[in-house]
Amino acid sequence: MEGALTARDRVGIQDFVLLDETTEAAFLSNLKKRFSKDLIYTYIGTLLVSVNPYKELDIYNKKQMDIYMGVNFFELPPHIYALADNAYHTMLTEFNNHFILISGESGAGKTEASKKILQYYAVSCPSTTLLNTVRDKMLMSNPVLEAFGNAKTLKNDNSSRFGKYMDIQFDSQGDAVGGHILNYLLEKSRVVHQNHGERNFHIFYQLVEGGSDDLLHQLGLERGCQHYNYLTQGQCPIVPSINDKNDWKTVKNALQIISFDETATNHLFEVIASVLHLGNVRFDSDSKGHALLNNNTELHWVSNLLGVDAHRLQEGLTFRKIEAKKDQVLSPFTTDHAIYARDALAKAIYGQTFTWLVNRINESMENEDPSRKTVIGLLDIYGFEVFYVNSFEQFCINYCNEKLQQLFIELTLKSEQEEYEAEGIEWEPVQFFNNKIICDLIEEKHTGIISLLDEECLRPGDATDLTFLERLEEKMGNHPHFVTHKLADKMTRKTLERGDFRLLHYAGEVTYCVVGFLDKNNDLLYRNIKDLMCQSKNDIVKECFSSMDPDSRRRPETVVTQFKSSLQKLTEILVAKEAWYIRCLKSNESKQSGQFDEALIRHQVKYLGLMEHLRVRRAGFAYRRKYDVFLKRYKPLCPATWPHWRGVAADGVEVLVQHLGYLPDEYKMGRTKIFIRHPRTLFATEDAYEKCKHELATRIQAKYKGYRAKGEYRKQKEAATKIESCWRGTQARKEKEKRAWAVKVIKKFIKGYMTRGQAKNTDNSEYLAFVRQNYLNRLRDNLPKTVLDKTPWLTPPAVLTETSEMLRKLHYRLMVRKYVRGITPQKKAQFEMKLITSSVFKGKKDSYPQSVAHPFADTRISEEDINTRVIQMIRNERIKYCVPVIKYDRNGFKPRQRQLILTQTAVYVVEEAKIKQRVLYTSLKEISVSNLTDSTIVFHITREEPKQKGDLVVQCDHLFELLTKLCVIANKQNAIKVVQGSINFEIQAGKGGAVDFSTGPEPMVYKAKNGHLMVETTKEMITMSAENTSAQKEMNLRNLG
Ligand SMILES: Nc1ncnc2c1ncn2[C@@H]1O[C@H](COP(=O)(O)OP(=O)(O)O)[C@@H](O)[C@H]1O
Ligand SMILES: [Mg+2]
């Protein structure tokens, strides 16, 4: 926001002191440039130049006030608030009195400026509710005084027709605690006469336009200005820029705030109304030319409203009372005289009432607290004025402006001079126009215009305005600032009337018409009227006239002398204070916004002495700053002074400017300040500062961000540590609990373990339960899956021995049951057979265990493979089983391939179609096999006849199957013998043979030398594949062969 504000305000140059050339053209160009951007304020050092914009600018709001509050004067763009604030803060820190002199010609914006300042203080100063009422009264005094003291003139629709100096009192805290107003010379003549295009004081119009019907009725008034002589002479009662009705409301409200009660208000309005009625009082003349009242109504209203006797009033207006010794003689007036008396009364009433009003306002703003106060005085006095016709009033007003200009010159020069002296800096005086010469022309004792005017007014005899003019011409004849028709050269004379005199004021020439000077200066009110007014029933009138001049014998001071002495007093008041200046410039004569009348402004710049002021400011050194202030602002520009200079500020400044490369003649070091000669030097420094400010801002920002981030990081870290330690604590506590629990459990476990052998008790019950459970779980996972599964049954702990055994049995039974359920009848038959095999061979023959796993077949040779003849031959005996065998001849043990067929009744040895041998089961007495792994079988046969063939020696691969079948078919279990050693047999009746068995590396069958059949077998059964088996057989056969 401030940045934008500053940027916007960087149009032109904010301080004329920094202009590179001090020419009027440069000055005006800068003013114009800024004005075109609505930048109406520009500084000349601490002086504020303001150009009337004639439009509302959005720069007087609360936000703006806040921006300027407490900020260094040059830090922000020029503003009236900056000046107000600076004066205020200087007052607070130095605890001294100040005043702000607002000057400029009529309509330049002085009154507006003073209002802005008052508003600023009202809003910005610290406050309490009590003080708020004081503040409101100060603010509200304005509309009331403006209503009674301002009027529309040709120059200004709201022209102040009185001078106003207002003290704002502050306590040591800076609170605005009271106020006091001094008023100067109200332009009373306006009450009875207005020039064309001008109006009477606002209050009259406000009353007749805005007053309620009741009020108007009560005051005998009619609505509308047109009914009143005093309101219509200027012929412009209605002005577009003025809203009388609204203003009336504002004034009524303001009167309430400044504690006017109803009676006082009524009396005030009665006075105003009486003036209007007075204006309508007309006179006729009788035959002798004496004045006669032509209508009594208005007079009655006046006597009514003022509370005076109507008859005496009429007498007062038409007769003059002459005191001759002790007698009083009434001398009748001519009509002119009567009118004069009437107007004099109207002016007097109004003028006195205005003073009374100011006093009342002062009473209401008064602060009775005796503690010391400091004040800021606001001087808003009528500005320099030039009309087509200028009279006594303009003379006074312009004289006042001369005095103020004189004061300004003295103060600015004086302060400058004093400053250089105080600081020990050499100083060269600057040439400027000193208007003292004009002031002297006007006010010098005995020889000044004022003295001459008074002389004329007071001297006996026929003094007139013209005799006054003659006196002037006599005395001032060759004064360079004075000219009249008579004194003028040819050229000038053309511009002057005979009754005129011309003053060459500092602000320009003004031609005054002497007509009325004496009367206005005398301001006489006839004694009888004055006395009458003292008896008024209207408190205001009574009070005013009673106090008018207590010593009635002495001739009152003339108006101009009063004015002169009041200005003298004002000067005294002002020089005792520190001055601040606002120079208001009027941008154009037509009150138009946006119009910059260069000629008009050049003229004002000239007569206001702005160029001189500027030159004075720049004479020696354009800029000066207190060391600490300078150092504080620019210290970032030098590493030695940034961020802190530890020594004396002056030394710091010296170091700083050395670093900045200031040349020796560019600056001077005073006692407390540095003086910089050229604006460009400060400019360069300021530019460098602007640039550096950004860098600094970035650095400070970075630092600050870093600092913030660090803080944040530290905080986070602390938080993390806290959380961590908390978490660790929780974990540790959990761990501890867990361990405590574990210790308990382990202890219990150990105890349980140690007492595991005892009957269940508290010590071991859990342990045992655990062991039990553990065992059962393990057991569950390691159970044998089937009956044949050889997984060993888990060894149980001692307590579970019994249970385990029961479980084992149960489990086996269950498996068996399952297994049995899954067995087919065929398989069952097989098993039954295997059972038989087992009962016969188990534990007897070495090859038995190997055989268990091989299931028995129904037969080994299908019927198709048996010769049909053989089948034919044995068809009556059902074939039960067939198997291929090798039969060994009884003589020589030649091996022969044969088929062995078991029927119901006999065993057949078959070779192709021949049945080689038939052995009935009944004759089969025994069957022998060895205990080894071989597969040799010897069938021992009972021979009934000797011829019958001997025992049968065969070798059968399916030994167990064959023999089991035989057991089943022929019930021969008991006939089977497993023999250790040799098996003897009968080759034929009476002739024996033997089969010997031995173990060797390979199975082999051959006829041994002892004539026995030698069967060699391996120690363990060699599981041979079918092929191997047949290969083996072949080999055996070959060996045998
Ligand atoms: N700062 C301002 N902003 C807007 N208008 C202004 C400003 N100053 C003056 N004016 C206008 O100019 C008119 C005359 O100003 P005023 O202060 O009465 O002049 P002065 O008191 O110098 O005769 C005001 O009524 C107002 O319209
Ligand atoms: Mg004014």
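Let's start at Tyr420, a buried residue with a relative accessible area of 1% (buried means under 20%, exposed over 50%, partly exposed in between, with a 1.4 Å probe and protein chains only). This is a predicted model, where local features need pLDDT of at least 70 and side-chain atom pairs count only at pLDDT 80 or more, while totals for chains, interfaces and linings use all residues. Residues are numbered from 1 along each chain as its sequence is written, and side-chain values use heavy atoms, with hydrogens and water left out.

Now for the rings. The structure has 44 aromatic pairs; rings of Phe, Tyr and Trp (its six-membered ring) pair if their centres lie within 6.5 Å, and planes under 30 degrees apart are stacked, over 60 edge-to-face, the rest tilted. Tyr420 and Phe675 have ring centres 5.7 Å apart and planes at 35°, so they make a tilted pair. Tyr420 belongs to helix H16 and Phe675 to strand S19 (residues 673–676), 255 residues apart. Helices (H or I, at least four residues) and strands (E, at least two) are DSSP runs, numbered from the N terminus. Phe675 is buried too, at 0% relative accessibility.

Another pair, Phe841 with Phe960, is edge-to-face, at 4.7 Å centre to centre and 85° between the planes. Phe841 sits in helix H32 (residues 825–841) and Phe960 in helix H35 (residues 959–970), so this pair ties together parts 119 residues apart in sequence. Phe841 is buried at 1%, and Phe960 counts as buried at 7%.

Ring pairs also join Phe392, Phe395, Phe468, Phe482, Phe501, Tyr512 and Phe517 into a cluster.

Technical notes: Chains are lettered from A and ligands numbered from 1 in the order in which they are written.
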